[in-house]
Amino acid sequence: MKLQALVALAAAALFAPAAAECPNQCSGHGRCTVHPMSFSTASNTVPSITVPSGGTYSVYGYDTATYKKDSCTCFTRNEDGATVYAYKGADCSQRTCPHGKSWATAPNANNV
């Protein structure tokens, strides 16, 4: 009887669906995909967190030509007309800093 139970348990384990997960479930700040996040090449005018576009890049910032199982693609935000990653890190747990001009381009009497 015990042997039958062990065989049944082993068979159930073999046929159970495999569940793949991203690290920390992307911290709630991204989506789990099979493609790695891609970043634009940084320059003086382009922050490194800018999402690349065109070619095989999706609107979410990952290269559909590259395969990487259980990879987080972090959520984005619009900043100065460009789409940039709002979070970074393997599990999207690190918030990115804003780039560009501040709310006031020059100090005045009210905000010195």
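Mentor: The structure holds three disulfides, a disulfide being a pair of cysteine sulfur atoms within 2.5 Å. In general, a disulfide is a covalent bond between the sulfur atoms of two cysteines. Counted along the chain, the bonded cysteines follow the pattern 1-3, 2-4, 5-6.

Some notes on the basis of this account come before the details. This is a predicted model, in which local features need pLDDT of at least 70 and side-chain atom pairs count only at pLDDT 80 or more, while totals for chains, interfaces and linings use all residues. Residues are numbered from 1 along each chain as its sequence is written, and side-chain values use heavy atoms, with hydrogens and water left out. The term pLDDT stands for the predictor's confidence in each residue, from 0 to 100. Its mean over the chain is 75, and 66% of the residues reach 70 or more. Confidence is lowest in helix H1 (residues 2-15), with a mean of 60, and highest in strand E6 (residues 94-95), at 94.

Helices (H or I, at least four residues) and strands (E, at least two) are DSSP runs, numbered from the N terminus. Of the 112 residues, 28% count as buried; buried means under 20% relative accessible area, exposed over 50%, and partly exposed in between (1.4 Å probe, protein chains only).

The account now turns to each pair. Cys 22 and Cys 32 are joined with an S to S distance of 2.0 Å. This pair links distant parts of the chain, ten residues apart: Cys 22 is in the loop between H1 and strand E1 (30-33), and Cys 32 is in strand E1. The torsion about their S-S bond is about 85 degrees, and the disulfide is therefore right-handed. Cys 22 is buried because its relative accessible area is 6%, whereas Cys 32, at 44%, is partly exposed.

A disulfide also joins Cys 26 to Cys 72, at 2.1 Å from S to S. Because Cys 26 lies in the loop between H1 and E1 and Cys 72 in strand E2, the pair ties together parts that are 46 residues apart in sequence. With a torsion of about -100 degrees about the S-S bond of Cys 26 and Cys 72, this disulfide is left-handed. Both Cys 26 and Cys 72 are buried.

The remaining pair is Cys 74 and Cys 92, whose S to S distance is 2.1 Å. Here too distant parts of the chain are linked, 18 residues apart, with Cys 74 in strand E2 and Cys 92 in the loop between strand E5 (87-88) and E6. The torsion about the S-S bond of Cys 74 and Cys 92 is about -100 degrees, so the disulfide is left-handed. Cys 74 is buried, as is Cys 92. Cys 97, by contrast, is exposed, since its relative accessible area is 57%.

Thr 73 belongs to strand E2 (residues 71-74). Thr 73 is buried because its relative accessible area is 0%. Contact means heavy atoms within 4.5 Å, and, not counting residues up to four places away in sequence, Thr 73 touches Gly 30, Arg 31, Thr 33, His 35, Met 37, Tyr 60, Tyr 62 and Cys 92. Cys 92, one of these residues, is bonded to Cys 74. The side chain of Thr 73 also makes a polar contact of 3.3 Å with the side chain of Thr 33. A polar contact is a pair of N or O atoms within 3.5 Å; within protein, one must be able to donate a hydrogen and the other to accept it, and residues adjacent in sequence count only if both atoms are side-chain atoms.

A further threonine, Thr 96, lies in the segment after E6. Thr 96 is buried because its relative accessible area is 6%. Its side chain and that of Arg 77 are joined by a polar contact of 3.0 Å, and a polar atom of the Thr 96 side chain lies 2.7 Å from the backbone oxygen of Tyr 85.
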